[in-house]
Amino acid sequence: MRDLYNFIDSQHVPARSGQWLDDRAPATDAVIARIARSGAEDVNDAVAAAKRAAPAWARTSTAERADLCDAIADVLDKRLDDLADLESRDAGKTITQARTIDIPRAVRNFRFFAGAVRHDETGCHEMSDALNYTLRRPIGVVGLITPWNLPLYLLTWKAAPALATGNTVVCKPSELTPMTASALAEIIREAGAPPGVFNLVHGLGGEAGQALVEHPDVRAISFTGGTATGARVGAAAGSRYKKLSLELGGKNSTLVFADADFEMAVAGAVRAGFTNTGQVCLCGSRVLVERSIAKRFTEAFVARVAALRMGDPSDPTTEVGALISSAHREKVERYVSLARAEGGTIACGGTRPDLGARFANGNFLAPIVVTGLASTARTATEEIFGPVVTVHEFDTDDEAVTMANGVDYGLAASVWTTNLKRAHHVAAALEVGMVWVNDWLKRDLRVPFGGIKASGVGREGGRHSLEFFSELKNVCIAL
Ligand code: TXE
C-alpha cells in the first residue's frame, strides 16, 4: 500500500485538502495505493511551478532537451521490469503485454522525440526582396490528461514531445491507474530535469482534470480519453483559445476479404479484438467478413477466442487480463445483454470466470463474440471498450466500406486481403485516420496518429506532435 503524492516543483506534496482516493487492483479489487485527491488549488500550485520554470527551460538548447529525453529513456529502460509489474498490477493487464508493449513503448517515446527534435527543421522562404525564416517556439505550460488503458505508454507519448520542444508540463493521469505516472515523475527528476519542468497532479477528472483544462496559464491541452469527456474538455479549452488535441474513442472495423491469408486474418482479428482485454481505442471490435468465407472464418475465430487464456495478469502465459473496474465490467455486461435483446447470438464468452479465491473479486469477463446482429445495431456501433467483438457478413467491397463507415467514430481499420488493388481502394474509401493492411497496431512513431468524426481532433506523432507542442513564428526580413 503506497501513498501517491502530487509532484510539484520536484517535491512530493499531498493535496491541500488532505483528501485521498483509493486505487484498486483490477485483478483482485484490493486497494493497493491511495492518491492525493487534488482540486483547483493544487492545480494552481502545479501550474505556478510550471510557469516559473518555463522561461529557463525554453532557453535551453535543443541538444540539452534531447539529452534529457535520452536520459529519461535510459532510466525507464533500466526499470522496465519494475514498471511493467506496477502497470500490470494497477491496470489489470497481462505482465507480458506490459513488458513487451507498454513499457518498451514508453522508452521508445522518449528516444524517438529526442531524435525528432535533434533532426527538426523549420522553413526558409526566399522572396526577391525579402527573406522569411520560421522559428519553432515552445508554447509555455501545457496540460496532459491521460486515460487508464495504456497509462505510461500514453503519458510518455505526450510528455516526451512536450518537454523536447521546450514546454513545461502539468499532467493529470487517470485516477484509476496512477502508479506509473508517479514513477515517471521520479524518473524525470532522477534524469536531471530542473524543478517545475514536469509536474503531476493526481485526482478525479471532474475536479483536478477540469481545473487544469480551465486554468488560464495552461496554453495547450492534449487529452486522450472517452468521447463524452473529450467534448467537455474541448468546450472548456476551445472557449479559452487553447491549443487542443483530442484522441478519443473508436469503433473500428476489421475487414476480412475472401482472398485474405486465412490464418493471418484469423490471428489478426483476434489480436485486434482482444489486446488489453479490448481496452484500446484502436481495437477492432467489429469484424466484417466476406460471406463466402464467413462460416469458416467465424468458426475459426470463435474457437481461437474461446481458447484465450484468461487469468492471473502476473502469469506470463496469461493472454487476457482483467477489465479496469467493476463499473466498467458492468457496462460491458450491459452490452452483452443488449446484444441478446437486439437479436444477436453470443457465440462465446460473456460469463464471469471462476479463477479461484484470489481473483474472486477481480473484474474478469470471458471474451465475447457476437454473431447475427445487423451492423447498424447499437452493440455493433457504440464503443464498448471491452472484450466484445461483433461479426457481420458482406458481399461486395462497397458494402464492406459502407458498413465500416456506418459508425459515428473514425479512428482506425484493418483490411485483410491479398489483392493489392482492393487494398488501395478500400483503404482510400474508409472514413478513418489510420488503416492497416494485413496487420494491426504496427506503429512507426513518425506517422500521423489520430481520428476523424467522434474519434477526435488533430494528429499526434512525429512532426505532428512537434507542431502541436510548439508555435511557429515567421520572421520576414526586407532585403
Ligand atoms: O474515461 P475519461 P473513462 C472510452 C471508453 C471508456 C469511456 C469512459 O469507451 O469506456 O471512454 O472511460 C480525465 N476534465 N475511453 O470515463 O473520463 C480522467 O480523470 C478533464 C477511450 O475512464 O475520458 C482521465 O484522466 N479531465 C480512451 C481522463 O480524463 C477529465 C481511453 C480519461 O478519462 C474530465 C479511455 C474533465 N471533465 C477511455 N473528466 C481512448 N481514446 O483510448 C475525466 N477526465
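Trp 20 touches Asp 3, Leu 4, Tyr 5, Pro 14, Arg 34, Ile 35, Ala 36 and Arg 37, not counting residues up to four places away in sequence; contact here means heavy atoms within 4.5 Å. This is a predicted model, in which local features need pLDDT of at least 70, side-chain atom pairs count only at pLDDT 80 or more, and totals for chains, interfaces and linings use all residues. Residues are numbered from 1 along each chain as its sequence is written, and side-chain values use heavy atoms, with hydrogens and water left out.

Trp 20 itself is found in strand β4 (residues 20-24); strands (E, at least two residues) and helices (H or I, at least four) are DSSP runs numbered from the N terminus. With a relative accessibility of 23%, Trp 20 counts as partly exposed, a class lying between buried (under 20% relative accessible area) and exposed (over 50%), with a 1.4 Å probe and protein chains only. From C-alpha to C-alpha, 40 Å separates Trp 20 from Met 434, and the two are 414 residues apart in sequence.

The loop between β20 (434-437) and β21 (452-453) holds Arg 443. Asn 438 also has its place in the loop between β20 and β21. Arg 443 is buried yet has no salt bridge, and the nearest side chain of opposite charge, Asp 444, is 6.9 Å away. A salt bridge requires a side-chain nitrogen of Lys or Arg within 4 Å of a carboxyl oxygen of Asp or Glu; Lys and Arg count as positive and Asp and Glu as negative, while His and the chain ends are not counted. Leaving aside residues up to four places away in sequence, Arg 443 touches Arg 105, Arg 108, Trp 157, Trp 436 and Phe 449. Asn 438, by contrast, counts as partly exposed at 26% relative accessibility.

Turning to the helices, α13 (residues 397-405) has Ala 400, Val 401, Met 403, Ala 404 and Asn 405 as its buried residues. The elements covering them include β13 (252-256), β14 (284-290), β17 (388-394), α14 (420-429) and β21.
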